[in-house]
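Please read this briefing alongside the sequence and the structure. The points below are grouped by topic.

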Amino acid sequence: MSEQIVIVGFGPVAARLIDELLPAVRSGLARLTVIGEEADAAYNRVLVADLGVGRTTAGALALSDAAALIADGVDVRLGVRVRRVDRARQQVVLTDGTTPHYDRLVFATGSRPVIPNLTGLNPDPAHPVLPAGVTALRDLRDAEVLRQAVAGGKRVVVLGGGVLGLETALAAAEEGATVTVVHNGPHPLGRNIDRGGGAVLAASMRNCGVRMAGNARSTGVEHNAPDGAFSALLLDDGSAIDGDLLVLSCGVRPRVELAEGCGLSTATGILVDHKLRAHHEPHIFAIGDCAEVRCPDPSCSDCRAARGPSGLVGPGWRQAEWLAEYLTLLAEGTGEGSADGGAVDAAESLPELPTEKPGVIVLKARGMNMAVAGDNAAEPWDEEVLTAGAVNGRPRLQIAQWADPEHGRYVKMTTRGGVLEGLVAVGMPRTAAELVSLFERGDELPADRSLLLRLDGPDQLAASGNTDPARTVCRCAGVTGTKIQDAVVDGCSTVAEVSGATRAGTGCGGCHSDIKDIIEKHFQAAAAA
C-alpha cells in the first residue's frame, strides 16, 4: 500500500515539496493530497508588489499548475480550509465536510501579515476585516488594489519600514504614485541595519521620490473618503498623513493555530527537530515560515541559539527538498512489497538538514542598492562591545566603515579574525556583491579593506564587481552563475526562460538584474565573434 501524504498549505514552499515528491507519486510509491485555502495554486507571494505596480503578470508569478498536478495523480483541493487535525484517526477535517486520511502530514501553512492594533481596524489578527483602501498586500486580490491606486497616481501610505515595505514604496513611486513610508524609530530597517547605514538608506529613499516619516507612532486610521474608504493615518502627536491607500507592512507571524489545536508543541512556530518532525509526533512535519527548528534535546548547541522561522523562501525550499527525500525513503520502506525495512533505515540515516546560515537582506531598485547581513550594530568606538567575547585567544571585533552621505554611499564591515560577522552596503552594488559572497563563504577579507571599496570606483565601471562564474547568483534557490550560463547556452534568452530551466529568480527576485546581465553578456560575446 502506498503512503498517503497530506500537505496543508499551498504556497511557494509547499509547491517545491510537491515538485520533489512527484516522482514518488508517478511511480505509485506515494499518494499526495494538497489543501490550499486560496482559489489559486501556489504563486510567488514575494513579488506581489511587482504585480501591483504592473511590472509582472499573475502568470509569471505562478509556481504550480493545478491541472498538471491532477493529471499526475495529485489530489489538489483549492478554496478549502482544514478545520482541525484528528491525530488519533490520522485524518484532517476540512470545511467541505471531507476527512482525508494521512500516513504523513506536512504543515506548510506559512505566515499571516501582522495587523497592527489601530483604531479603525479589526483587532482580531486571525480574522482581520480591513476597511476599503487598506491592504496587507499578501495575495493576488491585494495586488489588484495596489494596481488601481498606482495606475491612478493616487497617494499611497506604507506603514512599516521593513524590506518588503520599502520595495513596495520604491516600486509604487517609480510608477507614478505619491508615496509616504511611516515607520517607528529613527530610520527604516531598524532591526537589521546600523544607525549610519539606516540614515543613508533613508536619504536614498527620499532621493528616489519616497517621503519618509520616521519616529512615528500610529494610533488609528480614518476612513472619511466619499465611499467610506481610507483617508488618513493618524499619529500619536495628533498629526495625520493623508492618503488614498494604506499598505500595511508590519511583518508576519507564523500560522500555528492548527498545530496548537491538535496539541503539537509551538513557540514562535511549530517546533520540529532536525528531521523536521513535530516534537513527539513522528507522523507530522512542518516546513517553511510556520516551522521552527528547535529539537527537544536541551544540550543541542545549534538549537540553543535558534531564532525561530527565518521568514525567507530560500531556507523553506531547502527544507522542502530535504523532506521530500526523507518521505520518499520512508515510502520505499513501507510500501507494498517492501522487504526488510532497509529503506526505512536509509531514511533514518539520512544526514540531518544542515543548520541555516544567517540570511542576507538585499534591496534593489532603480537608483537604489542595499545589502545587509549579520550583526552590524557595533560602532568603531564601542570598545566594550568590540572586546566582548574576546577570550581564550578569540579575536576581538574590528570595524571598517566608510560613508559618503551626499552621494548615498555607505559601507560597514564588522569582522572577527578577518572574517565578516556583519555587513552594510548602501549605494555600492559591486562592493555589496563581493562582501555578500565573502560573508556566505566565510572567507577572510583582504587586509586592506579599501580594495573592496574600489570595486565601485570610476576605474571599475566596466567591471561586474564579482565575476566568479561559480558564485551563487540566486541565493533563494541556490543557483550559481555557471548553471545560469549553461541554461543560456542551451537556448534560454530571457529571465523567465532561465527561471523555468533553473529556478533562479523564482524567489525574492533580487537576482533578476544579475540573470539579465549574464544573458546580455552571452549574446554580446556571440555577436562579436
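Two rings of Phe, Tyr or Trp (for Trp, its six-membered ring) count as an aromatic pair if their centres lie within 6.5 Å; planes under 30 degrees apart make the pair stacked, and planes over 60 degrees apart make it edge-to-face. By this rule the count is two aromatic pairs. The model is predicted.

**Aromatic rings**

- Phe 285 and Tyr 326 form an edge-to-face pair, with 6.0 Å from centre to centre and 70° between the planes.
- This pair links distant parts of the chain, since Phe 285 is in strand β19 and Tyr 326 is in helix α10 (residues 313-334), 41 residues apart.
- Phe 285 and Tyr 326 are both buried.
- The ring centres of Trp 322 and Tyr 326 are 5.2 Å apart and their planes are at 20°, so this pair is stacked.
- Trp 322 and Tyr 326 are four residues apart in helix α10, which means that about one helical turn separates them.
- Trp 322 counts as buried because its relative accessibility is 8%, and the cut-off for buried is under 20%.
- Tyr 326 is also buried, with a relative accessible area of 1%.
- Phe 285, Trp 322 and Tyr 326 together form one aromatic cluster.

**Leu 330 in helix α10**

- Leu 330 has its place in helix α10.
- Leu 330 counts as buried because its relative accessibility is 5%.
- Leaving out residues up to four places away in sequence, Leu 330 touches Arg 104, Val 344, Ala 347 and Glu 348.
- Leu 330 and Thr 95 are 235 residues apart along the chain, and their C-alpha atoms are separated by 30 Å.

**The loop between β18 and β19**

- His 279 is found in the loop between β18 and β19, and His 280 lies in the loop between β18 (277-278) and β19 (281-286).
- Are these two histidines buried or exposed? His 279 counts as buried because its relative accessibility is 11%, whereas His 280 is exposed because its relative accessible area is 70%.
- A polar atom of the His 279 side chain lies 2.6 Å from the backbone oxygen of Arg 294.
- Apart from residues up to four places away in sequence, the residues that His 279 touches include Ser 265, Leu 271, Arg 294 and Pro 296.
- His 279 and Ala 487 are 208 residues apart in sequence, and the distance between their C-alpha atoms is 42 Å.
- His 280 is not a glycine, yet its phi is positive, near 60°.

**Arg 503**

- Arg 503 is another residue that is not a glycine but has a positive phi, of about 75°.
- Arg 503 sits in the loop between α16 (495-502) and α17 (512-528).
- Arg 503 is partly exposed because its relative accessible area is 27%.

**Gln 4 in strand β1**

- Gln 4 lies in strand β1 (residues 3-8).
- Gln 4 counts as buried because its relative accessibility is 8%.
- Which side chain is joined to that of Gln 4 by a polar contact of 3.0 Å? The partner is the side chain of Arg 31.
- Not counting residues up to four places away in sequence, Gln 4 touches Arg 31, Leu 32, Thr 33, His 101, Tyr 102, Asp 103 and Arg 104.

**Leu 451 in helix α14**

- Leu 451 has its place in helix α14 (residues 450-453).
- Leu 451 is partly exposed because its relative accessible area is 41%.
- Leu 451 and Pro 405 are 46 residues apart in sequence and 20 Å apart in space, C-alpha to C-alpha.

**The second largest pocket**

- The second largest pocket holds about 220 Å³ of space.
- The lining of this pocket has 15 residues, and Gly 133, Asp 227, Ala 229, Asp 244 and Leu 245 lie nearest its centre.
- Which helix gives the most to the lining of the second largest pocket? Helix α5 (residues 140-151) does, with three residues.
- By type, the lining residues of the second largest pocket are seven nonpolar, four polar and four charged.

How values were computed:
Residues numbered from 1 in each chain as written. Predicted model: local features only at pLDDT ≥ 70, side-chain atom pairs only at ≥ 80, totals over all residues. Heavy atoms only, no water. 1 Å grid on protein atoms, 1.4 Å probe; cavity = no way out; pocket = protein on both sides within 12 Å on 5 of 7 lines; lining within 4 Å. Points joined across faces, edges and corners; volume = space filled by probe spheres on them. Helix = DSSP H or I, 4+ residues; strand = E, 2+ residues; numbered from the N terminus. Nonpolar A, V, L, I, M, F, W, Y, C, P; charged D, E, K, R; others polar. Buried < 20%, exposed > 50% of the residue type's maximum accessible area, 1.4 Å probe, protein only. Polar contact = N/O pair within 3.5 Å; in protein donor to acceptor, adjacent residues only side chain to side chain. Contact = heavy atoms within 4.5 Å.
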